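Here are some notes for a colleague who is opening this model for the first time. Please keep the sequence and the structure in view while reading the points that follow.

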Amino acid sequence: MSYEDNARIISDDIFELVNECFDQERSSRNNESRLNFFDTYNDYFVLTDDGSYSINSKEINHKVETLHTSTGAISESFEKFIKPMKFDYTTDIAILDICAGLGYNSSAAIADFMKNSTANLTIDMVEISKATLACGLLVPSPIPEHDITRKAIENELIKQNYATLSLETTEIPENIQINVFIEDARQTVQKLKDNTYDAIFLDPFSQNMAPELFSVEFFKQFRRLIKDDGIIATYTSSAPVRSGFIESDFYIGLGPIFGRKQGGTLASHNPLMLDYSLPKNDEIRIALSDVGIPFRDPGLNNTSDYILEKRTEERHNARHTTKISSAVKTPIFLGKEMDDEKLKRRVERNLAKMNIPSTTSEEARYIVEVENRYNEKQDDKNNSTTRIIEMKKRLKKIKEGN
Ligand SMILES: C[S@@+](CC[C@H](N)C(=O)[O-])C[C@H]1O[C@@H](n2cnc3c(N)ncnc32)[C@H](O)[C@@H]1O
């Protein structure tokens, strides 16, 4: 099966129905199949708590994910992708929307921009699946600005002979340009120009489904594409994603919490663009344990399974050699007294392999002393990234015995 078939990703039922709908439109040149689609098949759409619709992915590794959080699909776009941005509305703005799906994130960006600016907005939307973009033409628009995004999607789907009729009546305002790339985002990013974007929205499925969209090599492309004050936003709090950003020369910060227990992740080349630190234990685990080994995709063309397997292998090799074992969350006990004797024995066995005699040893305290500087509010000298890098250095020093 090709990468595109795998990444096609929406559930097979709806995928086939959507394709049928547009096949009919092509053969009949009649608008009925598209106009009646939602009423006929609304059971295939997932209503989220704010009244906007989502769709299900197909089953991968026995898991089905919904494209958006059940707490609210369009609310998620505003909360996680728009609110953390610090746009300068007096100048032109450019956004790269990766994994554009139904176009909600772009639509939220348009709504925000139209409220605040009269300059120019460019959005480059990237989505691998025509059928998913086409779903964006079939769901009820959650906000009026979604109609602008729909027009851009429709134009591209007509250009690519997927849709036939021009049914979207909303015009794209003159100061807004929307380009739609229908391909693997890993290919698109290699074609885009340096230093272009004020924001990158990164909204793939979870890391186990799509590790290729969270790799160090992919993020290195972002480093080239984003302006120095630009911000990348993604919903995940995953350790390998966060460490992948650091390895790609970004600072990281805590993103907003919405529909999940943990906040997402923000990344920028300028630490002053990122207000909040990650939780302390996240910093410690990323810096010191094998859970912080990122995803790698040299050549930007490997399969998800290959990337996952290689990371498992790298974690295995790093454990007890360059990283503390992540088992029983060992590193978070550094510098702490432990009451649970059984757990303590396991933790200290793991630590001993890294030349750290006990959780309260001088070595342990030296490594996590860095966290005494922890502050929820970040600044350019003292932030999650500087602390993670410093703890990594200290662990290396202890392990190498100098
Ligand atoms: C969580 S959904 C995104 C929802 C979307 N941001 C929205 O506003 O509706 C993830 C999307 O990533 C797309 N996708 C998967 N692999 C991709 C790839 N390699 N390149 C671009 N898009 C991809 C899927 O088709 C799916 O639509």
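Which residue is the bridge partner of Thr 234 in S9?

1. The partner of Thr 234 in S9 is Thr 265, and since the model is a predicted one, this pairing should be read as computed from predicted coordinates. Strand S7, residues 226–234, runs antiparallel to S9 and is joined to S9 by three bridges.

2. Thr 265 also has a partner in another strand, for Leu 254 is bridged to Thr 265 of S9. Strand S8, which covers residues 251–254, pairs with S9 over four bridges, and the sense of that pairing is antiparallel.

3. In a regular strand, side chains alternate between the two faces of the sheet. In strand S9, residues 265–268, both faces are covered, with Thr 265 and Ala 267 buried on one side and Leu 266 and Ser 268 buried on the other.

4. Helix H4, residues 73–82, deserves a separate look, because ten of its ten residues are buried and the helix is largely enclosed by the rest of the structure. Among the buried residues are Ser 75, Glu 76, Glu 79 and Lys 80, along with Ile 74, Phe 78 and Phe 81. The buried residues of H4 pack against strand S2 (53–55), helix H5 (104–116), strand S6 (197–202) and S7, and S7 is the strand that three bridges join to S9.

5. Two packed helices are described by the angle between their axes and the distance between the axes. For helix H2 (residues 12–28) and helix H3 (residues 32–41), the angle is about 155 degrees and the axes are 9 Å apart; with over 145 degrees counted as roughly antiparallel, H2 and H3 are therefore roughly antiparallel to each other. The crossing of H2 past H3 is right-handed, and the meeting residues are Leu 17, Cys 21, Gln 24 and Glu 25 in H2 and Ser 33, Arg 34, Phe 37 and Tyr 41 in H3. By class, this contact of H2 with H3 holds four nonpolar, two polar and two charged residues.

6. Helix H11, residues 280–288, packs with helix H15, residues 384–400, at an angle of about 45 degrees and with the axes 8 Å apart, and H11 and H15 are therefore oblique to each other. Their crossing is right-handed. On the H11 side the contact includes Glu 283, Ile 284 and Leu 288, and on the H15 side it includes Arg 387, Met 391 and Leu 395. The classes represented in the contact of H11 with H15 are seven nonpolar, one polar and three charged residues.

7. H11 also meets helix H10, residues 239–247, where the axes come within 10 Å and cross at roughly 70 degrees, which makes H10 roughly perpendicular to H11. This crossing, too, is right-handed. Here Ala 239, Arg 242 and Ser 243 of H10 meet Asp 282, Arg 285 and Ile 286 of H11, and the contact has two nonpolar, one polar and three charged residues.

8. Two loop residues may be worth checking by eye. Asn 195, in the loop between helix H8 (185–191) and S6, has a positive phi of about 55 degrees although it is not a glycine, and Asn 195 is exposed, with 10 other C-beta atoms within 10 Å. Asn 355, in the loop between helix H13 (341–352) and helix H14 (362–368), has a positive phi of about 65 degrees, again without being a glycine, and Asn 355 is partly exposed, with 14 other C-beta atoms within 10 Å.

Note on methods. Residues are numbered from 1 along each chain as its sequence is written. This is a predicted model: local features need pLDDT of at least 70, side-chain atom pairs count only at pLDDT 80 or more; totals for chains, interfaces and linings use all residues. Axes are lines fitted to C-alpha atoms, for helices over the stretch in contact, and angles run from 0 to 180 degrees between N-to-C directions. Angles under 35 degrees count as roughly parallel, over 145 as roughly antiparallel, 65 to 115 as roughly perpendicular and the rest as oblique. A crossing is left-handed if the near helix is turned anticlockwise from the far one by less than a right angle, and right-handed if clockwise. Two residues are in contact if their C-beta atoms, placed from the backbone, lie within 7 Å. Ala, Val, Leu, Ile, Met, Phe, Trp, Tyr, Cys and Pro count as nonpolar, Asp, Glu, Lys and Arg as charged, and the others, Gly among them, as polar. A residue is buried if 20 or more other C-beta atoms lie within 10 Å of its own, exposed if 12 or fewer, and partly exposed in between; C-beta atoms are placed from the backbone. Two strands pair if DSSP finds at least two bridges between them.
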